[in-house]
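Take a look at the fold below. We will walk through it step by step, from the whole chain down to single residues.

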Amino acid sequence: TNGAAHFLEHLIFKGSKKYSQNDIESKAENMGIQLNAYTAREQTVYFATAMKKDVPLVVDLLGDIIRNSKLEKAAAERERDVILRELQEVNQQMDETVFDYLHEVAYQNTPLANTILGTPVNIQTLTVDDLKNYTKKHYKPHRMVLAAAGAVDHNDLVKLSEKAFGSMEKEIDPITPFNLCTKDPA
C-alpha cells in the first residue's frame with residue numbers, strides 16, 4: 001500500500017521485542033549513537049552513526065527493530081497525525097509537488113508513480129496489521145543491504161549480520177533485478 005514504508009519508518013524506533021522505546025533512546029543517547037531513517041521511492045534506510053566499539057549493539061538493535069518491531073496501535077494512531085501534517089507541509093513545497101507529478105506521469109501504472117508519504121486516505125486507513133503484512137512481504141534478506149564504513153572489520157560485520165538477521169525467512173526464488181533481467185529481459 002502506498003505510504004506503508006514511510007509509515008513504518010515513523011514507527012520502527014518505538015520499540016521491539018528486545019528493546020523498548022526508552023531502551024533504544026537511552027542506549028543511543030548514553031553511547032552517542034545517532035539513529036535515524038528515511039524513505040525514498042525505491043528504498044527505506046535505517047542507519048546509525050556510532051563508534052567502532054558500539055557496532056555490535058547497533059547491528060543487534062537494527063536487526064531487532066527491523067525483524068521484531070512492536071508496531072503498536074496507540075503509537076500508530078499518534079504517528080498518523082504526524083504523517084498527515086508532514087503531508088500537508090510537503091504539498092506546500094512546489095518542488096516536491098512538481099516532482100511527485102513528474103513521477104506520476106513518467107511512471108504510470110508502476111509503484112514509482114506513487115508518492116512516498118502516501119495519499120491522505122491511505123495514511124488515514126493503514127492499520128497495524130497492514131504494516132505487519134508489509135514487513136512480512138518486503139523485509140526479506142534478498143531485499144536488504146547491511147553496509148558499514150569506517151573502522152569496521154568486514155568479517156566481524158558478517159558475523160554480526162548473521163546473528164542479527166540470519167533467522168529471517170528466505171524466499172525460494174526471490175524476484176530480484178538480476179532475475180528479472182535474466183528470466184524476462186525487455
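Helices here are DSSP runs of at least four residues (H or I), strands are runs of at least two (E), and both are numbered from the N terminus. Keep in mind that the model is predicted.

Now step back to the whole protein. It has nine helices and two strands. Along the sequence, the order is α-α-β-β-α-α-α-α-α-α-α. The radius of gyration is 18 Å, close to the 16 Å that the globule rule gives for 186 residues, so the protein is as compact as a globular protein of that length. Its C-alpha atoms fill a box of roughly 45 × 45 × 30 Å along the principal axes.

How does the chain meet itself? Take the contacts with a separation of 6 or more: 75% of them join residues 24 or more positions apart.

Of the 186 residues, 35% count as buried. The exposed surface comes to about 12,200 Å², and carbon and sulfur atoms supply 53% of it. The protein carries 22 positive and 27 negative side chains. The centres of these two sets lie 7 Å apart.

Zoom in on Ile 65. Leaving aside residues up to four places away in sequence, Ile 65 touches Ile 12, Phe 13, Ser 16 and Ile 24.

Finally, look at two loop residues. Leu 71 has a phi near 45°, a positive value in a residue other than glycine. Asn 109 also has a positive phi, about 65°, and is not a glycine. Asn 109 lies in the loop between helix H5 (94-106) and helix H6 (120-125).

Is each of them buried or exposed? Buried means under 20% relative accessible area, and exposed means over 50%. Leu 71 has 7% relative accessibility, so it counts as buried. Asn 109 has a relative accessible area of 81%, so it is exposed.

Note on methods:
Residues numbered from 1 in each chain as written. Predicted model: local features only at pLDDT ≥ 70, side-chain atom pairs only at ≥ 80, totals over all residues. Heavy atoms only, no water. Rg over C-alpha atoms; globule rule 2.2 N^0.38 Å. Buried < 20%, exposed > 50% of the residue type's maximum accessible area, 1.4 Å probe, protein only. Contact = heavy atoms within 4.5 Å. Areas by Shrake-Rupley, 256 points an atom, 1.4 Å probe, with all protein chains shown as cover. Lys, Arg positive; Asp, Glu negative; His and termini not counted. Charge placed at Lys NZ, Arg CZ, Asp CG, Glu CD.
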